[in-house]
Amino acid sequence: MLKKIKLTPVEWEIMETVWTFERPPSVRDVLERAFPKGEKAYTTVQTVMNTLERKGVLGRKKIGLVNFYSPKRTRNELVKSEMNSLIKRIFNGSTPALTNFLLSGDDFDLDEINELKKMLEDKERELKEAGS
């Protein structure tokens, strides 16, 4: 089971950037891609990336004087952890309660509702096949 990991908004921003690299990036690589207009300081990004390493989300390898960071968790793993935490905390662990809340608004059009129905049918078929 994945250890519960909660990320702050800036940690999510950094991780979203790290996941875009094909090779382990340095702090400078992340800084230049995530904040090209200097919105954050180098030391801020470095501190956040070191915090993510302590949380077990990033691995760090030093080559010469430069640290390179690689993700130890996939985006999907962290999204799942955050969603499970949200559902437990706000909807008493009930996915149907979350779904009911989402559907109670006026945010869906007919095409989106049909898309949701198809997703549910596909999931139902998948579970039936796995059970047989």
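L7 touches W12, M15, L52, K55, V57, L78 and E82, leaving aside residues up to four places away in sequence. The model is predicted. L7 also belongs to the largest nonpolar core, which has 20 residues.

**The nonpolar core**
- Within this core, the residues that touch the most other members are L7, I14, V45, M49 and L52.
- At least two residues of the core come from each of α1 (9–18), α2 (27–34) and α3 (42–54).

**Packing of α1 and α3**
- The axes of α1 and α3 lie 10 Å apart, and the two helices pack at an angle of about 85 degrees.
- Angles of 65 to 115 degrees count as roughly perpendicular, so α1 and α3 are roughly perpendicular to each other.
- On the α1 side, the contact is made by V10, E11, I14, M15 and V18.
- On the α3 side, V45, V48, M49, T51 and L52 take part.
- By type, the residues of the contact of α1 with α3 are 8 nonpolar, 1 polar and 1 charged.

**Residue N84**
- N84 is located in helix α4, which covers residues 75–91.
- N84 counts as partly exposed because its relative accessibility is 36%, and this class lies between the cut-offs of under 20% for buried and over 50% for exposed.
- N84 and G38 are separated by 46 residues in sequence. In space, N84 and G38 are 34 Å apart, C-alpha to C-alpha.

Methods:
Residues numbered from 1 in each chain as written. Predicted model: local features only at pLDDT ≥ 70, side-chain atom pairs only at ≥ 80, totals over all residues. Heavy atoms only, no water. Core = buried A, V, L, I, M, F, W, Y, C linked by side-chain atoms within 4.5 Å. Buried < 20%, exposed > 50% of the residue type's maximum accessible area, 1.4 Å probe, protein only. Helix = DSSP H or I, 4+ residues; strand = E, 2+ residues; numbered from the N terminus. Contact = heavy atoms within 4.5 Å. Axes fitted to C-alpha atoms, helices over the stretch in contact; angles between N-to-C directions. Parallel < 35°, antiparallel > 145°, perpendicular 65-115°, else oblique. Nonpolar A, V, L, I, M, F, W, Y, C, P; charged D, E, K, R; others polar.
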